[in-house]
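Here is a quick tour for someone meeting this structure for the first time. Have a look at the sequence and the model, then read on.

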Amino acid sequence: MEDDFPVDHDEKVLVSLGYKQEFKREFSLWTSFCVSFAVLGLLPSFASTLFYGMGYAGTAGMAWGWIIAMVFIQCVALSLAELCSSMPTSGGLYYASAVLAPPGWGPVASWVTGWSSWIGQVTGAPSVNYSAAAMILAARSITDPNYEQTKWELFLLTTFLMLIQSCISSMPTKWIAMFNSLGSSFNMVVVIIVIVLIPTATTTNPKFTPSRQVWGTIKNGTDFPDSIAILMSFISVMWAMSGFDAPFHLSEECAIADVASPRAIVLTSAIGGIFGWVLQVVVAYTVVDIGAVIDSDLGQPWATYLLQVLPQKAALATLALTIIAGFSMGQGCMVAASRVTYAYARDGCFPMSRFWRKVNRHTKTPVNAVWLNCTVGVLLCLLIFARETAILAIFSVGAIACFVAFTIPISLRVFFVGNRFRRGPWHLGNFGKPIGAAAVAFVVLMVPILCLPPLIGSNLNSANMNWTCLVYGGPMLIALFWFAIDARKWYKGPRVNAKHAMIGQVIKELGREV
């Protein structure tokens, strides 16, 4: 009987959850953090969503909004880390929903969580690469005033970036870890360089906007009251910070995953939150004309802002650093999304799951899942040929989809399981329930806010409509109808593919705490 159980600690944990070890565990706390920090991509994330943070509430919204949002986002990260320690699997979010749901509700809870998480993950790479491609074309426009970019160029460049990232994500785990370690280190260094460069090299006179104006002036770019405009600006923070769950999805490739993975989640959220806020404040103090930044013909607010405050060569150099960081971020998104797709296909959530869940025998990575995500991402990029608001919707969709997926298992843990929750070695103790409740309340408030259009009444039209409800709600509605009509007959929640004593049985050797 002893031979039926693996000797390795991580394999014991995985077997106790009902799965067998299929990946090589070549990620550590550092490399898991590197992937999630690369997915976070603070500089490219900030650059990609500057339109929302600055355009909806001005400098006061940027400075105060990031602080307020990060308090609650950190609650989400802490609660998610606690779940990760208890259930360190690639499909952790939807696995946790299935385990924590009331009797009979496990399948539908895991189904909704899984599809929302997958939508959030699969929109990550195309949204990042769309922004990177827009920055590349903006750089060309800066150097060649006669150049006019076309939608076809933007689409093809975005697709090209995704193809390169898919090739990298199909490599062996050790190589992927190396790429992400380099990319994350580059991201961290670049953020620091930009934070120092902008205030020292700015050519504006005066160099800085007075503090009273930065912190006290809300430049409302919506038709809603100032308080709602600030909440709407949270999309930039939520989208930028939505990648901290990557260590959860990489936990089956991480050593001592029930400790290292939750630590990587919290580390990513905390460090990302601090550096992101500092970057927000630097931009808030130096921006000259918010209207010009938002409405620029370059089509990329970050590029326009850099030209406002820096000499052209310095602006182009900073833009180039942002593009490279954005490519690294997109590659991290591709890796994390492929692991989510693999985990859900392993449990039969997709059509042709048997094909998508295959692990390549040469690279020991889910190559088929990588290319499924790439294909879906390229199809999403066809929104480029619609109105700009349509392609921009994938940013708010990414934020909503990820945070809804985070919140479902957290709410089940707080309001249904309570003290019966089986903790892992990393946990929040008695603070678990109040922190989880704060996280749930925040997301419940923010989901409808992020679906609001900036303009209302006679000012609202198809060009400025917020298409988030359609881009996110459409696929989710299809998934729910599919479950109600057919999937409920055969989908019973996460499947077991390893011989073990009992699902959910606690192996005594794992009862240690740190």
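E82 is buried, at a relative accessible area of 2%; buried means under 20%, exposed means over 50%, and partly exposed is what falls in between, worked out with a 1.4 Å probe on protein chains only. R413 is buried too, with a relative accessible area of 6%. The side chains of E82 and R413 meet in a salt bridge, at 3.2 Å from N to O. For that label, a side-chain nitrogen of Lys or Arg has to be within 4 Å of a carboxyl oxygen of Asp or Glu. E82 sits in helix α4 (residues 50-86) and R413 in helix α20 (residues 388-417), so this pair ties together parts that are 331 residues apart in sequence. Helices here are DSSP runs of H or I with at least four residues, strands are runs of E with at least two, and both are numbered from the N terminus.

How many salt bridges does the rule give? The count comes to 2. E153 forms one with R140, where the closest N and O atoms are 4.0 Å apart. E153 belongs to helix α8 (residues 151-169) and R140 to helix α7 (residues 124-143), so the pair links parts that are 13 residues apart in sequence. E153 is partly exposed at 28% relative accessibility, and R140 is partly exposed at 41%.

## How to read the model

This is a predicted model, so to speak of local features pLDDT must be at least 70, side-chain atom pairs count only at pLDDT 80 or more, and totals for chains, interfaces and linings use all residues. Residues are numbered from 1 along each chain as its sequence is written, and side-chain values use heavy atoms, leaving out hydrogens and water.

## Aromatic rings

The structure holds 26 aromatic pairs. Rings of Phe, Tyr and Trp (its six-membered ring) pair up if their centres lie within 6.5 Å; planes under 30 degrees apart count as stacked, over 60 as edge-to-face, and the rest as tilted. Take W111 and W490: their ring centres are 6.2 Å apart and their planes are at 80°, so the pair is edge-to-face. W111 lies in helix α6 (residues 106-122) and W490 in the segment after α22 (468-485), so they tie together parts that are 379 residues apart in sequence.

W111 is buried at 1% relative accessibility, whereas W490 is partly exposed at 32%. W490 also makes an edge-to-face pair with Y491, with 6.4 Å from centre to centre and 85° between the planes. Y491 is buried, at 2% relative accessible area. W111, W490 and Y491 belong to one aromatic cluster that also includes W115, W118, W482 and F483.

## Two packed helices

Helix α14 (residues 257-286) and helix α16 (residues 301-309) pack at an angle of about 55°, with their axes 11 Å apart. The axes are lines fitted to C-alpha atoms, for helices over the stretch in contact, and angles run from 0 to 180 degrees between N-to-C directions. α14 and α16 are therefore oblique to each other; under 35 degrees would count as roughly parallel, over 145 as roughly antiparallel, 65 to 115 as roughly perpendicular, and the rest as oblique.

Which residues meet here? V282, V283 and T286 in α14 meet W302, Y305 and V309 in α16, where contact means heavy atoms within 4.5 Å. T304 also lies in α16 and is buried, with a relative accessible area of 10%. Leaving aside residues up to four places away in sequence, T304 touches A292, V293, S296 and L298.
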